[in-house]
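Student: I have a structure open and would like to learn how to read it. Could you take me through it step by step?

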Amino acid sequence: MLMSSRSSVRTSMLILMVYFLSTWSGAAAVHAQTNPTPDITLTCDNPQPIEVYPGATRTSIVYCTLQNPTVHSEKVDLQIQSGALISAGPASMSVGSGADVSFQVILRADLRMPEGQHQISITATVSQANGVAYPGTPTTYKVLAVVKQFSRLRVASELAFIQLRPKVDYMVSYDVYNDGNALDRMNIEIANYDELSDEGFTLSLPLVNVEIESKSPPEKVRVQIRTPKNQGWTDKYYNLQFKATSDYSVRTEGIPNSQ
């Protein structure tokens, strides 16, 4: 009977020790997960590229989340630096103990803004903990906003009409403008080349493509025309269809942009 009693006592003590260790480890885990010092975690996603062509919204959104890993109810001040882009977002947020709060930063670009990348810095600082002022350490998250390229071009000619004579060479000049927001290559062609060739004209393009910087002075593109050699012409009218096409539009936008 004595040995049985001792065995029961040992079993009971073992159970109590296991229970104590399990509760202690659970308390340690809770303590590790709950930061007693006011703190905040900030994460953000990169925004979608910003379209700046005429008629576009020219806006994009940065989605961010504040995470409070502490036992305190916090007020978090927010500061946004967006460089050449206009930005709008909340000035502060309240985040409860152990809670997550999402917010948005709206970015806006200027019309026809040059293609490029812009770094956006979003800074969060704990300014109050449980209603009491607190000198928190700023935490900053940086994302990249991309202003997307778009194609736009114009073609102009000083002459709308020219009178031709047989057996004479002519040089016709066209101005090609890049009204897009980045460097673009313009592919040059005579759209009705076969038609004019069948009529006896000889046409030559010294340049079949030309690279033009955005909003720079126009590039002059010349077309050499040699009229038919047959005599006895009567009055007859011909159209020369000069065509410039944005190479960027063909490669990227999916729809050729031509003039």
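Student: Let me start with a residue: in which loop does Arg112 lie?

Tutor: Arg112 lies in the loop between β6 and β7. Helices (H or I, at least four residues) and strands (E, at least two) are DSSP runs, numbered from the N terminus. This is a predicted model, where local features need pLDDT of at least 70, side-chain atom pairs count only at pLDDT 80 or more, and totals for chains, interfaces and linings use all residues. Residues are numbered from 1 along each chain as its sequence is written, and side-chain values use heavy atoms, with hydrogens and water left out.

Student: What is the phi value of Arg112 near, and is Arg112 buried or partly exposed?

Tutor: Its phi is near 60 degrees, a positive value in a residue other than glycine. Buried means under 20% relative accessible area, exposed means over 50%, and partly exposed is in between (1.4 Å probe, protein chains only). Arg112 has 26% relative accessibility, so it counts as partly exposed.

Student: And what about Arg58: where does it lie?

Tutor: Arg58 lies in the loop between β1 and β2. Its phi is also positive, near 60 degrees. Arg58 has a relative accessible area of 17%, so it is buried.

Student: How many helices and strands does the chain have?

Tutor: The protein chain has 3 helices and 16 strands. Of its 259 residues, 32% are buried.

Student: How do I read a sheet, and what is the strand order in the open sheet of 4 strands?

Tutor: Start with pairing: two strands pair if DSSP finds at least two bridges between them. Here the order is β10-β11-β15-β13, with antiparallel pairing. The edge strands, β10 (153–157) and β13 (202–204), each pair on one side only. Between β13 and β15 (residues 219–226) there are 3 bridges, and Leu203 stands opposite Ile225 in β15.

Student: Which strands form the open sheet of 3 strands?

Tutor: That sheet runs β14-β12-β16, again with antiparallel pairing. Strand β12 (residues 184–190) pairs with β16 over 5 bridges, and Ile188 stands opposite Ala244 in β16.

Student: What should I look for in a core, and which residues have the most contacts inside the largest one?

Tutor: In soluble globular proteins, nonpolar side chains tend to be buried together. A nonpolar core is a set of buried Ala, Val, Leu, Ile, Met, Phe, Trp, Tyr and Cys residues joined through side-chain atoms within 4.5 Å. The largest has 27 residues, and Leu66, Leu85, Phe103 and Ile122 have the most contacts inside it. A second, separate core of 19 residues includes Val172, Met186, Ile190 and Ile225.

Student: Which residues does Phe103 touch?

Tutor: Contact means heavy atoms within 4.5 Å. Not counting residues up to four places away in sequence, Phe103 touches several residues, including Leu42, Val62, Leu66, Met93 and Ile122.

Student: Let me finish with Asp247: in which helix does it lie, and is it buried or exposed?

Tutor: Asp247 is in helix α3 (residues 247–253). Its relative accessibility is 14%, so it counts as buried. Leaving aside neighbours within four places in sequence, Asp247 is in contact with Asp184, Arg185 and Asn187.
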